Amino acid sequence: MAVIPETYALGETSAERTKRIVGRTLIYAALIFWAFVSLFPVYWTITTSFKTAVDVTHGHLIPWVDFQPDWKGWRSLGLSPDTIGQTSTVRDEFLSRFTNSIIAAGGASMLAVIIGSLAAYGLSRFQYKFLWMRNKDISFFFLSQLILPPVVLALPFLVLYKELALLDTRPGLILLYTLSVLPIVIWIMRDQFDTIPIELDEAALVDGLSVWGVFARIVLPIALPGMVAAFILSLVLCWNEYFFAALLTSTDAKTLPVMVASQTGSQGINWWSMAALSTAAIVPLIIIGVVLERYIIKGLTAGAGK
């Protein structure tokens, strides 16, 4: 009895198998190239924090091959091993700015997720009418706020915050950041709620739960991945925000992006200090992204199969 090759037994010819292997190789090559493009700025920032002025000028890339790593960038911030135990005003300023960023970005993201989830649930489950606007029009109105350039709002917010005594305060940044990311949260959460069958709500209402009970006990646990994804996206946007932080703060509420942008000296930009600050700023986001990766993927792909 003749033995049929496995590929032919599966109905695949040699040419088809070669085509499949070549196609898969090209896909992996493209993914590796895109990963390199995406991760190279992070690699460049981290390595620059360990370079001296000469290494930065000459564009050396590989540690211990092109240049010898040095703690100059971290030493200028009081965060190197030989200065961490000493008193440092720069390190105190860094910790203050770091704390401001955590409070402003974290508080705004949490507040935006809470308010945005309520608004998205209402738009997903109920029908509204405001003048000529229906649910789709209201949703588009929220999303259209992202089109407005931030510089257009600079003067109104500056005058308003001066009158409300919110200049250079953490609550002021939290409120402003919440307004900035709220449209994105509503957009993500409405897609998340639309994927949850409304029959679950109706069954829970028949069993005696109130509307709030259905929302809190039935819908929210199912929509948790979307909420986490919305929170992470909001956190990243708020964490990296520079324009309003530079405009509305001066000393007490200044955040990390403003401190990073101020790393200039009499001889130009201190790239090593800026890189060290940037590295310290992105580490928390990297950790959060790695820990909550599965929730981010589930949340951002919600409704993709509809």
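How far apart are the mean positions of the 21 positive and 21 negative charges of the protein chain? They are 2 Å apart, counting Lys and Arg as positive and Asp and Glu as negative, with His and the chain ends not counted. Each charge is placed at NZ of Lys, CZ of Arg, CG of Asp or CD of Glu.

A word on the source. This is a predicted model, where local features need pLDDT of at least 70 and side-chain atom pairs count only at pLDDT 80 or more, while totals for chains, interfaces and linings use all residues. Residues are numbered from 1 along each chain as its sequence is written, and side-chain values use heavy atoms, leaving out hydrogens and water.

Now the fold. The protein chain has 15 helices and two strands; these are DSSP runs, H or I of at least four residues for helices and E of at least two for strands, numbered from the N terminus. Its radius of gyration, taken over C-alpha atoms, is 26 Å, well over the 19 Å that the globule rule (2.2 Å times the number of residues to the power 0.38) gives for 306 residues, so the chain is more spread out than a compact globule. Of those 306 residues, 36% count as buried, meaning under 20% relative accessible area with a 1.4 Å probe, protein chains only.

Next, helix 6, residues 135-144. Asn135, Ile138, Ser139 and Ser144 are buried there, and the buried residues of this helix pack against helix 5 and helix 8.

Last, Ser101, in helix 5. Ser101 is buried at 3% relative accessible area. Beyond its neighbours within four places in sequence, Ser101 has contacts (heavy atoms within 4.5 Å) that include Trp239 and Pro257.

Key
Buried means under 20% relative accessible area, exposed over 50%, partly exposed in between (1.4 Å probe, protein chains only).
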